[in-house]
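Take a moment with the sequence and the fold before reading on.

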Amino acid sequence: QVQLVESGGGLVQAGASLRLSCTASGLNFNAYTYAMAWFRQTPGKEREIVSSIRWNIGTTFYADSVKGRFIISKDNAKKTVYLQMNSLTPEDTGVYYCAAQRVGAGEYDIWGQGTQVTVSS
């Protein structure tokens, strides 16, 4: 069974930090290569990609809005991807989703349930 489970969200004040975690199960990392990503969804906005990481090589991507503030990383043994979020602002508020893409599939088609991040001013 393929499953992604996120955790680490919460309510913080502007300027604070949070670390999100996403643990994967059922993905065959031994046979295939994956990209893992964090998306966020806020009412009134379209879902957007925040950051991604290539599982095998570690290449990363960041949305312009989070560059210099967020850091994505992974733990191969734990099959977990992290998103360290620093200097949070109210604009970072939203539901953060973990997603996985098997390289070559063309889109992120494996999703977690999401974790709420709320930043107050």
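## Strands around β9

Please keep in mind that this is a predicted model.

Let us turn to I53, found in strand β5 (residues 48–54). Its relative accessibility is 5%, so I53 counts as buried, the cut-off being under 20%. Contacts of I53 beyond four places in sequence include Y34, A35 and M36, along with G58, I72 and V81. From I53 to T115 the separation is 62 residues in sequence and 19 Å in space, C-alpha to C-alpha.

D92 sits in the loop between β8 (80–85) and β9. D92 is buried too, with a relative accessible area of 1%. The side chains of D92 and R69 are joined by a polar contact of 2.8 Å. R69 is also one of the residues that D92 touches beyond four places in sequence; among the others are R40, V66, F70, V117 and V119.

## Aromatic rings

The model has 5 aromatic pairs. One of them is F39 with Y108, edge-to-face at 5.4 Å centre to centre and 75 degrees between the planes. Because F39 lies in strand β4 and Y108 in the loop between β9 and β10, this pair ties together parts that are 69 residues apart in sequence. F39 counts as buried at 10% relative accessibility, and Y108 counts as buried at 18%.

Y97 and W111 form another edge-to-face pair, 6.5 Å centre to centre with 75 degrees between the planes. Y97 is in strand β9 and W111 in strand β10, so the pair links parts 14 residues apart in sequence. Y97 is partly exposed, at 22% relative accessible area, and W111 counts as partly exposed at 28%. Ring pairs link F39, Y97, Y108 and W111 into a cluster.

## Charges over rings

W111 has a further neighbour to look for: the charged end of R47 sits over its ring, 4.1 Å from the centre. Elsewhere, K74 lies over the face of W55, at 5.3 Å from the ring centre. K74 is also among the residues touched by I53.

Definitions and conventions. Residues are numbered from 1 along each chain as its sequence is written. This is a predicted model: local features need pLDDT of at least 70, side-chain atom pairs count only at pLDDT 80 or more; totals for chains, interfaces and linings use all residues. Side-chain values use heavy atoms; hydrogens and water are left out. Helices (H or I, at least four residues) and strands (E, at least two) are DSSP runs, numbered from the N terminus. Buried means under 20% relative accessible area, exposed over 50%, partly exposed in between (1.4 Å probe, protein chains only). Contact means heavy atoms within 4.5 Å. A polar contact is a pair of N or O atoms within 3.5 Å; within protein, one must be able to donate a hydrogen and the other to accept it, and residues adjacent in sequence count only if both atoms are side-chain atoms. Rings of Phe, Tyr and Trp (its six-membered ring) pair if their centres lie within 6.5 Å; planes under 30 degrees apart count as stacked, over 60 as edge-to-face and the rest as tilted. A charge sits over a ring if NZ of Lys or CZ of Arg is within 6 Å of the ring centre and within 35 degrees of the ring normal.
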